[in-house]
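I opened this entry to look up a few points in one structure. My notes follow in the order I took them.

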Amino acid sequence: MARLIATEAHSSKLVVEKSTVPAQTGQQLKRVLSVYRRDPSAEFRVASNPEFLREGTAVEDFLHPDRIVLGVEDKDSERQLREIYRPILEAPRGKTKFHCPVHLSGCPPAKSPELVVTTINSAELIKHASNSFLALKISYANMIADLCEKVGADIKEVVHAMGLDPRIGPQFLNAGLGFGGFCLPKDVQAFVRLAERSGVNFGMLREAEAVNKRRVDLFIEKLRQALWVIKDKRVGILGLAFKANTDDIRFAPSLGVIERLLGEGAHLRAYDQEAMDKTSALFPQVELCREPDHVARDADAVLILTEWPEFRRLDWKRVNAAMSRPLIVDGRNLLDPATMKELGFEYHSFGRPLEKPQPQPIPSVMLGASSSAVEQPRLAT
Ligand SMILES: NC(=O)C1=CN([C@@H]2O[C@H](COP(=O)(O)OP(=O)(O)OC[C@H]3O[C@@H](n4cnc5c(N)ncnc54)[C@H](O)[C@@H]3O)[C@@H](O)[C@H]2O)C=CC1
Ligand SMILES: O=C(O)[C@H]1O[C@H](OP(=O)(O)OP(=O)(O)OC[C@H]2O[C@@H](n3ccc(=O)[nH]c3=O)[C@H](O)[C@@H]2O)[C@H](O)[C@@H](O)[C@@H]1O
């Protein structure tokens with residue numbers, strides 16, 4: 001792409017990196033632009049302006065960012081980029097200076113985004129470091145979920161209370177099948193590689209990646225423990241996209257789950273509001289359903305692989321009645337274990353006890369005196 005710009009440009013250009021790239025890519029870009037330049041009147045400047053958009057909310061994230069990062073080498077580039085972002089930077093609270101297609105009746109009041117002007121290397125690093133940190137946070141929550149299962153704690157309660165500390169924050173602590181998509185997995189890999197090349201041992205990130213890879217194995221083991229034998233079982237799948245509000249299945253945990261289950265001889269039905277076409281191209285053996293509850297027909301298990309809110313609102317009584325065995329394995333901790341139990345399901349998720357443990361009466365010996373309000377321990381006869 002840089003060669004193409006270099007050979008085709010007949011006037012001076014500011015070339016802005018928007019993609020997530022390893023630090024020092026800007027330097028390579030500058031070299032390529034100068035080596036392949038054909039028109040000597042064309043001068044090239046390079047800047048880095050990484051995107052922090054999320055799939056599914058990209059337009060909103062672009063128009064209402066938390067921060068705008070400009071990696072520049074000269075004042076002209078900074079001026080040009082500031083001018084481009086002026087409507088967003090100057091938008092006063094609640095009164096945007098541009099037509100916002102997301103909030104048609106007016107944008108909610110929000111803090112003005114912070115503009116960070118820095119070097120190209122720092123801007124490139126900011127983006128990779130941010131995505132890698134998000135991945136670390138998810139893997140950390142997933143390890144806590146595993147620990148919760150062992151010690152009988154509830155991951156939802158643990159991360160809720162952790163997140164109340166503003167130094168930690170509540171986001172990206174949802175445990176389950178782990179992170180997928182086109183960005184977090186590839187960015188973590190690229191960041192580890194960049195660190196290695198630079199002589200920095202970022203083992204912590206490699207571990208976050210390894211933790212993430214194990215999520216699908218753990219999920220399959222949960223299913224196997226419940227079903228014993230997976231071969232010839234009919235399994236319904238709810239959710240294929242790597243997260244809700246997108247049709248993207250790139251590096252989605254669902255792909256690993258489907259591959260494993262097909263490999264073990266299960267019969268699969270699946271539903272996703274957006275991602276079925278893409279999945280059928282990869283796995284024509286999976287029967288796709290038009291309605292979510294159709295995956296449950298005669299199923300031995302139903303699996304939740306994407307956090308689509310629609311799945312929370314399903315008529316789970318009807319789902320139960322349709323299933324051959326009412327077993328749910330929820331890879332996104334979307335449903336409430338106690339409610340599912342009440343509805344007659346065998347329900348498994350990550351890091352949550354099936355029933356909330358009732359507070360145990362404290363034996364009087366531990367209180368130091370007998371009290372009529374405290375139940376006495378029964379002695380075996
Ligand atoms: N998808 C997202 O929400 C966000 C993506 N990004 C970053 O933006 C970049 C693009 O992401 P997406 O648009 O999702 O990817 P994409 O896969 O949808 O688009 C990439 C495009 O680049 C083209 N391409 C790939 N290699 C090429 C090459 N050597 N020469 C010319 N064209 C080439 C592909 O044909 C494709 O059209 C990535 O670096 C990603 O990390 C950053 C923030 C958000
Ligand atoms: O560089 C990018 O392209 C973008 O990558 C991510 O955005 P995105 O890939 O759209 O998806 P996320 O919302 O970050 O979710 C990633 C994965 O993590 C999972 N996740 C997320 C949050 C959580 O608590 N737990 C969890 O498992 C999601 O299910 C999903 O599979 C970042 O959030 C964006 O800031 C960044 O701009």
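I began with the UniProt record, an unreviewed entry, which lists residues 236–337 as "domain: UDP-glucose/GDP-mannose dehydrogenase C-terminal". The model I have is predicted. Over residues 236–337 I read 29% helix and 18% strand.

I found 6 strands in an open sheet with parallel pairing, in the order β7-β6-β5-β8-β9-β10. Because β7 (287–288) and β10 (346–348) are at the edges and have a single partner strand each, one side of each has no neighbour in the sheet. I then checked how β7 is held to β6 (residues 267–271): the two run parallel and are joined by 2 bridges. Ala270 has Leu288 of β7 as its bridge partner.

I turned to the helices over this sheet. Helix α9 (residues 253–263) lies across β5 (234–238), β6 and β8, at about 155° to β6. Helix α8 (residues 203–227) lies across β8 (301–304), β9 (327–330) and β10, at about 165° to β9.

Last, I went to ligand 2. Which residues come nearest to ligand 2? Of the 21 around it, they are Glu55, Asn174, Phe179, Cys183 and Lys243. I sorted the shell by class and got 10 nonpolar, 7 polar and 4 charged residues. Helix α5 (residues 120–151) gives the largest share, 3 residues. I noted that ligand 2 lies between domain 1 (2–123) and domain 2 (127–211), because both give residues to its shell.

Note on methods
Residues are numbered from 1 along each chain as its sequence is written. Chains are lettered from A and ligands numbered from 1 in the order in which they are written. This is a predicted model: local features need pLDDT of at least 70, side-chain atom pairs count only at pLDDT 80 or more; totals for chains, interfaces and linings use all residues. Two strands pair if DSSP finds at least two bridges between them. Helices (H or I, at least four residues) and strands (E, at least two) are DSSP runs, numbered from the N terminus. Two residues are in contact if their C-beta atoms, placed from the backbone, lie within 7 Å. Axes are lines fitted to C-alpha atoms, for helices over the stretch in contact, and angles run from 0 to 180 degrees between N-to-C directions. UniProt positions are given in the numbering used here, feature names are shortened, and annotations may be inferred rather than shown by experiment. A residue is near a molecule or strand if its C-beta atom, placed from the backbone, lies within 6 Å of it. Ala, Val, Leu, Ile, Met, Phe, Trp, Tyr, Cys and Pro count as nonpolar, Asp, Glu, Lys and Arg as charged, and the others, Gly among them, as polar. Domain bounds come from an automatic or database domain assignment.
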